[in-house]
Amino acid sequence: MFIINDIFTKKDFLDIIKQENIPINSPTLCSKKDLKEFLEHFIVDRKKEIKYKFLTCQEDNILTSKEKENKMLISKKINAWLINGYDFERSFYNNINEIIDDAETIKNYTQYPSIQKVILGLNIYLKNNNEKIIIYENLFDIKKEIKKLSVNKFASKTGRFEIIFD
């Protein structure tokens, strides 16, 4: 079964429907849940490949609650090492290779923001020390690209305005 990740907004779904010219009557009146279900069924029924990577959620990345808890625990351990100033004495790790091994196990689960934050922080450390960075699929860059393509309908202006009545 094809599953779309829940982290995306209704506006993202509307942008996809608009850009892919998917036939649906008044999509703005539908709820986010309805749009998500419609897109899941549309992709499965028509075998349509939508070019957005975040829609092709592999079943390998779907975790049970226990697996998710384990991945989050690894993420918290690496984050503790990052926060403690890269000090191995105040962490659960003895060397950088152990941290890289743990990061390799969680790098495919960046749909969770805490894991993405940890991988980004670790990559900054590795880049500063001229070591090989960890490559992962950044789902949030795709979401930002879709937001850039949308047209803003409301513009807010701030400042001082004077109204003069005769």
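Mentor: A salt bridge here is a side-chain nitrogen of Lys or Arg within 4 Å of a carboxyl oxygen of Asp or Glu. By that rule, the side chains of E104 and K107 form a salt bridge, at 3.0 Å from N to O. Keep in mind that this is a predicted model, where local features need pLDDT of at least 70, side-chain atom pairs count only at pLDDT 80 or more, and totals for chains, interfaces and linings use all residues. Residues are numbered from 1 along each chain as its sequence is written, and side-chain values use heavy atoms, with hydrogens and water left out.

Trainee: How many salt bridges does the whole structure have?
Mentor: Four. One of them joins D87 and R90, at 3.1 Å from N to O.

Trainee: And what about D15, which residue does it bridge to?
Mentor: D15 pairs with K11, and their closest N and O atoms are 3.9 Å apart. The two sit four residues apart in helix 1 (residues 10-20), about one helical turn. Helices are DSSP runs of H or I, at least four residues, numbered from the N terminus.

Trainee: Is D15 buried or exposed?
Mentor: Buried, with a relative accessible area of 10%, while K11 counts as partly exposed at 40%. The cut-offs are under 20% for buried, over 50% for exposed and partly exposed in between, using a 1.4 Å probe and protein chains only.

Trainee: Switching to rings. How many aromatic pairs are there?
Mentor: Four. Rings of Phe, Tyr and Trp (its six-membered ring) pair if their centres lie within 6.5 Å; planes under 30 degrees apart are stacked, over 60 edge-to-face, the rest tilted. W81 and Y125 are edge-to-face, 4.9 Å centre to centre with 85° between the planes.

Trainee: Which helices does that pair tie together?
Mentor: W81 lies in helix 3 and Y125 in helix 5, so the pair links parts 44 residues apart in sequence.

Trainee: Which residues touch the most other members of the largest nonpolar core?
Mentor: I78, W81, I96, I99, I115 and L122, out of 20 residues. Such a core is a set of buried Ala, Val, Leu, Ile, Met, Phe, Trp, Tyr and Cys residues joined through side-chain atoms within 4.5 Å. Helices 3, 4 and 5 each give two or more residues to this core, and helix 5 gives the most, with six.
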